[in-house]
Amino acid sequence: MRWLPLSVILLWACSLYSASADNGGVKKMKVQFATGPLLKFQICVSCGYKRVFEEYTQALYQRYPDIRIEGENYLPLPIYRHIASFLSMFKLLLIGVIIVGKDPFALFGMQAPGLWVWSQENKIYACMMVFFFSNMIENQCMSTGAFEITLNDVPVWSKLESGHLPSMQQLVQILENEMKMNVHMDTLPHHRS
């Protein structure tokens with residue numbers, strides 16, 4: 001009876017720890033070419049933008065062989081990362097309780113609801129439903145929809161602001177304009193006061 005509140009507190013602490021790890025459990029993808037300007041993509045990997053990033057990287061490298069290109073996952077707000085981490089741990093605990101079959105409602109002197117009775121009669125289906133439903137919510141928490149592009153730490157495109165991905169032509173035009181402006185700024189004489 002005392003193990004249930006203790007296990008919930010332990011589960012919550014583990015989820016906070018795993019969500020606050022150095023990189024939030026997110027893999028970083030980095031591609032570097034030569035020593036030119038740095039073009040950085042921050043993308044929502046869970047949205048499926050990794051493939052788009054890879055296509056853009058190949059095309060941009062062919063056009064600008066001296067550019068450095070980096071890509072990394074655009075992290076959601078910390079509260080969403082904590083919720084997703086907690087759900088991940090809670091999902092495993094709930095599946096374990098369903099498999100073991102020990103009625104947690106009896107510990108509180110409550111009658112087991114119909115959903116619990118059904119889960120005990122259909123353990124495989126219940127575990128699959130918990131797993132897939134929890135994964136769906138976790139993915140929604142971790143999905144940002146971001147495809148943010150910076151050139152030398154200057155923002156040049158934001159899907160969060162524009163609402164859509166840039167076409168390859170738009171991206172090339174933006175880079176051409178930015179690089180021309182940088183070359184023009186470098187050729188201006190420096191005034192000393």
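Is Glu176 buried, partly exposed or exposed, and at what relative accessibility? Glu176 counts as partly exposed, at 24% relative accessibility, where buried means under 20% relative accessible area, exposed over 50%, and partly exposed in between (1.4 Å probe, protein chains only). The model behind this value is predicted: local features need pLDDT of at least 70, side-chain atom pairs count only at pLDDT 80 or more, and totals for chains, interfaces and linings use all residues. Residues are numbered from 1 along each chain as its sequence is written, and side-chain values use heavy atoms, with hydrogens and water left out.

The predictor's confidence in each residue, pLDDT, runs from 0 to 100. The protein chain has a mean pLDDT of 80, with 75% of its residues at 70 or more. Where pLDDT is low, the predicted coordinates should not be read in detail.

Four salt bridges are found in a search of the whole structure, each defined as a side-chain nitrogen of Lys or Arg within 4 Å of a carboxyl oxygen of Asp or Glu. Glu176 takes part in one of them, with Arg63, at 3.8 Å from N to O. Because Arg63 lies in helix α2 and Glu176 in helix α7 (residues 168–187), this pair ties together parts that are 113 residues apart in sequence. Lys40 and Glu72 form another, with their closest N and O atoms 4.0 Å apart. This pair also links distant parts of the chain, Lys40 being in strand β2 (residues 38–43) and Glu72 in strand β3 (residues 68–73), 32 residues apart. Lys40 is partly exposed, at 22%, whereas Glu72 counts as buried, at 16% relative accessibility.

Helix α2 (residues 50–63) also holds a pair of its own: Arg51 and Glu55 are four residues apart, so about one helical turn separates them. Their closest N and O atoms are 2.8 Å apart. Arg51 counts as exposed, at 52% relative accessibility, and Glu55 as partly exposed, at 39%.

Turning to the interior, nonpolar side chains in soluble globular proteins tend to be buried together. A nonpolar core is a set of buried Ala, Val, Leu, Ile, Met, Phe, Trp, Tyr and Cys residues joined through side-chain atoms within 4.5 Å. The largest such core has 22 residues, of which Leu39, Phe41, Leu60, Phe147 and Ile149 touch the most other members. At least two residues each come from β2, α2, β4 (147–151), β5 (154–158) and α7, and α7 gives the most, with five. Leaving aside neighbours within four places in sequence, Phe147 is in contact with residues including Phe41, Tyr49, Phe53, Trp157 and Leu165. Apart from this core lies another, of seven residues, among them Ile95, Val97, Trp116 and Val130.

Notes:
Contact = heavy atoms within 4.5 Å.
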